[in-house]
Amino acid sequence: MLIMRHELLLVAITVILLIIEIFLPDDRKKDVILPALLLMAGVTIAGFFPGTTGELFGGMYRNTQLTILLKNILNVGVLIIFIQSVDWLKKEENKEKISEFYLLLLATLIGMNYMISAGDFLMFYLGLELATIPIAALAAWERYKEKSAEAGVKLIFTSALSSGILLYGLSMIYGTTGTLYFVDVAPLITGSPLQILAFIFFFAGMAFKISLVPFHLWTADVYEGAPVNVTSYLSVISKAAAVFIFTIILYTVFAKIAALWSEVLYVITILTITLGNLFALRQQNLKRFLAFSSIAQAGFILLGIIGQSQIGMTTVIYFALVYIFSNLGAFGVVGIVSNRTGKENIDDYDGFYRTNPNLSLVMMLALFSLAGIPPLAGFFGKFFLFTAAAKQGYYILVLIALVNTIISLYYYLLVIKAMLLNTSDQPIAWFRSDNYTRLGLLMCVAGMVVIGFVSAIYEMVLNLSFGLF
Amino acid sequence: MSILTLFIIIPVLTIIGILFSKHHMQVKWTAMVGMSLQLICAIALIFLYLAERRAGNIAEVLFVQNNLWYESLNIHFYLGVDGISVAMIGLTSLVVFAGIFASWDIVDLPKEFFTSLILLATGVFGFFISLDLFTMFLFYELAVIPMYLLIGIWGSGPRHYSAMKLTLMLMGGSAFILLGLLGIYFNSAPSGGPLTFDLIKISKEHLPLATQNFLFPFLFVGFGVLGALFPFHTWSPDGHASAPTAVSMLHAGVLMKLGGYGCYRVAVFLLPEGAHHWGWVFLILTTISVIYGAFGAVWQKDLKYINAYSSVSHCGLVLFAILMFNQTAINGAIMQMISHGIMTALFFALIGMIYGRTHTRYINEMGGLMKVMPFLAVAYVIAGLASLGLPGFSGFVAEMTIFVGSFQHPDTFHRVATVIACSSIVVTAVYVLRVVGMLLLGKIRNPEFETLSDAKWYDKMSVVALISGITIIGVAPLWLSDMITGGLGPIVQKLLAAAPAIIH
């Protein structure tokens, strides 16, 4: 039982929240917020206690120290999102749907946990679907708004398509190896043409989920149409989870054809970083802006994957951890501003620092961290990714990525320029953000400032990543 | 804990103090007290260092503090200084100290201004005392980024454009540097053993020749961007012209020295054979920097542009001398960094003060300022004379050493380059004397200038501190020269070992 601790706890609180929802009268639906936060905080803390590792269902489900760590990272991220979304959920038009938000989100989180712990492709696929479909409902949150509805439909269609491709790939793997268990498949991967085709289908399916170029086309529209908190969940948590399992499968199942997928990744990395950056340059809407910047960031993560072995896994996890705090910081500010004023464009932020110094300070730190400026955590994350790629001798790739960090710095600076340098006749007026938002942003800032200096975090991730091989 | 840690702790504490200050005078006094302490520490460090050396301590670096940071990557928080870093720290604390006084009249967002300024200083101090390539790079980037805010918010003219251009070009340079550092790291143990970022340890190793030749251009260009290497210098005139006074001072005075110091300490020191391989290419570029900067300065009418171009020329001379690969020339390069640092800070401080009064920086709109602001005018003349290398000031000692050292090179190519670079002294005299003549002497052209006031107490503090700096070095250069020579030993040995045939 304790082996599945994370999933069971999440299921438990989902059920508890459902029961609370049933017994709450219509005019007191908001009361679900506090218990939801407390329960999630409890689950997050409980996750950090040392747990048992092992396998269940004949190896379909396996729990290692590494997967526990990954689940904890996701829990922390979701907790921050829960805290940040309180202000938005309390709005009048959302009062009917508050618990829906929690239930759907938790359902996807459970799916991600199963996906990460998967020991065979079937479990992996089940988790993946559970992690994707409820999000489409969330993306279409404001279903009477055209953009939001479009976001939901686009998300469900693209994920259905990508799941189809993925499944096809998996069926071919089954066809060539006769098994779906990771441990059994791995030695049977020989790089025969059919297996390569299977791999490409698998790769394409995952690339859709992580929104790598050229499978990224759904990202910007979905991110723009969905509510900010859902967007931040999509771009941070669900992306991180997909990257984790993608890396694990590449390293364990497809280890024998590493030379092949390194080449594919090489090209995809360059495409993703460069195109993500170039599109981000032209965006005016901050949500779209962050969407494209997160595509580029995913490209940086690929640098770590291409680094292979223990150091690759470590840098990927470490960067994802840093990225969660940085991106949630940026989305937190965008979210609260969008709630209070409805403004989402970069131009609207002109003179923001003069009216709301604290919020723009958080935004500035988050963007600097995303750009990889020391002493913020993003610097360490990027540095280690580059180290991982350089270790394999991919100096040209590192150089291209480095040039791209300069491009990304340019567009991050554009937002900072708007906030600090520009002046405006009608700046966003001063408003008092609620305590939940402040707490959420404070957690992000603490993460961004502290993670880099505490080398123990990196060493811990490194030691746990060793368990994979 | 060694004394060097103080150079990180004091600025950080000052920043915290500033953040908790209420009133803008409180902010300024906190900054002033913090940076005065820093200056006192720097002077103490110089005396301690000289005392250690006199006591016969011959270790390569002194006051070492070495803490393990990232164990698996072998990253250390490793501090230590030799004579050269001590000199650079002295320069930095003097310029920062003067910079605080020069920005005493900042009214817009003073808290943010002084925080960014001191954050920049932290980066610079950290860079000079780091002996681990990782922390060195960390501090380098830390020093560059506050520049964007400092120029963008408090600057003048096309400040948004200049700030963006400066930041992107310098960060582009740092991208090259990072690639170079990673390359060095993964080749840092050719004879086996753990990979390391430790500068001293790597300098004892012999990196593979192909690696050196591959990495040297990245590192030299990367640092060279900050050292205003032609054709990557274009951020410098725009950046300096748009920056507020204290930032121009710090930038031209100290930050550009990061480039020279990095070229010397990382590129040439760790990759001596790469340096010999590529030396001629960069020597041509630096010679162009020297001449182009000097002529650029003659052509300009805006005081800040004149000085920015003159900085390109003088900093070009630093890189030029480093590429001569002999002891005298490199000694001169370090002297030039110190001398130019103080001198150009003085120039920019004075220009800022004059601009604050006349509200113009065009020399053809001014004249006769000697009569209305004698203190500033005399100080300007002193700075000018130091800049054109008058004996008795630091500039003379530095340029003399550089050209004597460079001309020791027996082959024609290096000698021709030296002669060309030498001619920049004449051009320097032209633009310095022309500015002094048009700005300070003659009739007052604008009647509004009759009523202008002379320097305030805080202006005087700033100017006097800097002038004493250049005079001390000019009158008694030997202690500094000895201190630097002491630090040059290891690098000169490495260069000799790399290409004995060329140097002798």
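What follows is a short walk through the contact between chains A and B and a few local features of the two chains. The model is predicted.

Starting with the interface, 25 residues of chain A are in contact with 25 residues of chain B. On the chain A side, three helices each put in at least two residues: α17 (377-391), α18 (395-421) and α20 (455-465). The largest share comes from α18(A), with 13 residues.

Within chain A, helix α13 (residues 286-306) packs on helix α14 (residues 309-341) at an angle of about 170°, the axes being 9 Å apart. That angle makes α13(A) roughly antiparallel to α14(A). On the α13(A) side the contact includes A:Leu286, A:Leu290, A:Phe300 and A:Ile301, while among the residues they and their neighbours meet in α14(A) are A:Val316, A:Phe319, A:Tyr323 and A:Phe331. By class, this contact has 12 nonpolar, 6 polar and 1 charged residues.

Also in chain A, A:Trp88 sits in helix α4 (residues 86-89). A:Trp88 counts as buried because it has 20 C-beta neighbours inside 10 Å, and 20 or more is what burial takes. Setting aside neighbours within four places in sequence, A:Trp88 is in contact with A:Asn94, A:Pro227, A:Asn229, A:Gly335 and A:Asn339. A:Thr64, on the other hand, is 24 residues away from A:Trp88 in sequence and 36 Å away in space, C-alpha to C-alpha.

Turning to chain B, strands β1 (residues 62-70) and β2 (residues 75-81) pair in the antiparallel sense over 6 bridges. One of the residues involved is B:Asn66, whose bridge partner in β2(B) is B:Tyr78. The two strands form a hairpin with 4 residues between them, and B:Asn74 in the turn has a positive phi of about 60°.

Since 10 of the 14 residues are buried, α17(B) is largely enclosed by the rest of the structure. Among the buried ones are B:Val397, B:Glu399, B:Ile402 and B:Phe403. The buried residues of α17(B) pack against helices α13 (303-322), α14 (327-358), α16 (374-387), α18 (412-422), α19 (424-440) and α20 (457-475) of chain B.

Terms used: Residues are numbered from 1 along each chain as its sequence is written. Chains are lettered from A and ligands numbered from 1 in the order in which they are written. This is a predicted model: local features need pLDDT of at least 70, side-chain atom pairs count only at pLDDT 80 or more; totals for chains, interfaces and linings use all residues. Two residues are in contact if their C-beta atoms, placed from the backbone, lie within 7 Å. Axes are lines fitted to C-alpha atoms, for helices over the stretch in contact, and angles run from 0 to 180 degrees between N-to-C directions. Angles under 35 degrees count as roughly parallel, over 145 as roughly antiparallel, 65 to 115 as roughly perpendicular and the rest as oblique. Ala, Val, Leu, Ile, Met, Phe, Trp, Tyr, Cys and Pro count as nonpolar, Asp, Glu, Lys and Arg as charged, and the others, Gly among them, as polar. Two strands pair if DSSP finds at least two bridges between them. A residue is buried if 20 or more other C-beta atoms lie within 10 Å of its own, exposed if 12 or fewer, and partly exposed in between; C-beta atoms are placed from the backbone.
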